[in-house]
Amino acid sequence: MDQKDLLFKQIFDSNSKKIFHLCYGYTGDADAANDLLQETFLKVWQNMDKFRQKSLISTWIYRIAVNTCLTYLRSEKRQAKDELTETLIETKTEEYSEKNEQVALLYKSISKLEENDRLIITMVLDELPYHEIAEISGISEGNLRVKIHRIKQKLTELYNQHARL
Amino acid sequence: MQDFENIQSIWQSHSVELKISSEEMLDQAKKEVNAIRTKSLLNIGGMVLSFIAFSAALLYFNFDSWTTNLGIEIVVLAVAIYTILLYREHRLISRNDFTEHPGAFLGKLHEYQLSRFNLYNKLYWFYVAAISIGFVLFFFETLHNLDTWIQVSIILFTVLWMVFCATILRKAFMKKEKERIDLLIEKFERISAQFHEK
């Protein structure tokens, strides 16, 4: 294994799970999340030499992943996001349990948010520091705080609305 | 009624399983390209087998008429030229590794698609014309002593088979291949785009 392979393996091992969770939150589907993970890390692999260490490598990877997510479902050949997310989330609730139901409800609620909001909230849920989320999403920290407050409220509202049904 | 903290704990309690390693991930990406390469190799393999079969007929059978020899020679030549063209195309996608040189590979993939289109359009008709002339000359001697109905059946079958290959089969093959390469190009362009923009 050469140095590039070793470095990539380290980067993949320490970031892939978080990125997969981000993609999973965005699509609500494990297969699509896997595709997005693959595309994200292919970009990482091909552009490792372009990483200038001005930010954390995880921030750089998140930025790639966010861009990948946003362009992925916009591609003409993909299904409409709501159709995709809802169908797939429904299939995930086969094994009934209270926890599974809560998780399915959460993904369903996230899928109702705007595309950008979905990505921001998944990073918030994963407890990424606000300054990092601001850097990844290209929004000033002040604006981001306001935005996050609004998204949190919206998500909570959606979740409780679905839970009542 | 849940508040955001509860929702966050639900999110964090849902552990996602990642069953792929970095090596597997890169291999998976290569697999899609390898599928096209394998198909192209199988195509070449089939043509090489045809070349060997026709050449063997020319070498190991003694035909009385010059038309038969000329017919087979034309078929052998047409198959050989087409095989060389297929091999040249194959080299376009076999030399670069997408995971290492994305830009170069994407360029070659575009070139491959265009070349395939030409091969199965304009050049294909030259190939069919050559094969048809070859078979007509070949049939002069070989069908001579057979009953008329057998002669008609063989000629009819050959004509129908060639028409089937040149129309339905060719179009279906081209459509399927175009879709597959389009998808790959779309994906690779998407992957390359983010860094081109900067």
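Trainee: What is the mean pLDDT of chain A?
Mentor: The mean is 82, and 85% of the residues of chain A reach 70 or more. pLDDT is the predictor's confidence in each residue, from 0 to 100. This is a predicted model: local features need pLDDT of at least 70, side-chain atom pairs count only at pLDDT 80 or more, and totals for chains, interfaces and linings use all residues. Residues are numbered from 1 along each chain as its sequence is written, with chains lettered from A and ligands numbered from 1 in the order in which they are written.

Trainee: Which element of chain A has the lowest mean pLDDT?
Mentor: Helix α4 (residues 81-91) of chain A, at 47. The highest is α8(A), at 92. Helices are DSSP runs (H or I, at least four residues), as are strands (E, at least two), numbered from the N terminus. Over residues 79-93 of chain A the pLDDT is below 50. Beyond near neighbours in sequence, that stretch has 20 contacts in the model. A contact means C-beta atoms, placed from the backbone, within 7 Å.

Trainee: Switching to the core. Which residues touch the most other members of the largest nonpolar one?
Mentor: A:Cys23, A:Ala65 and A:Cys69, out of 57 residues. A nonpolar core is a set of buried Ala, Val, Leu, Ile, Met, Phe, Trp, Tyr and Cys residues joined through C-beta atoms within 7 Å. Buried means 20 or more other C-beta atoms within 10 Å of the residue's own; exposed means 12 or fewer, partly exposed in between, with C-beta atoms placed from the backbone.

Trainee: And what is A:Cys23 in contact with?
Mentor: Leaving aside neighbours within four places in sequence, A:Ala33, A:Leu36, A:Leu37, A:Ala65 and A:Cys69.

Trainee: Which residues of α6(A) are buried?
Mentor: In helix α6 (residues 115-125) of chain A, they are A:Arg118, A:Leu119, A:Ile120, A:Ile121, A:Thr122, A:Met123 and A:Leu125. Their cover includes α1, α3 (57-72), α5 (98-111), α7 (130-137) and α8 (141-164) of chain A, together with α1 of chain B. Just after α6(A), A:Glu127 takes a positive phi of about 60°.

Trainee: How many helices and strands in chain B?
Mentor: 6 helices and 0 strands. Buried residues make up 17% of its 198 residues.

Notes: Two residues are in contact if their C-beta atoms, placed from the backbone, lie within 7 Å.
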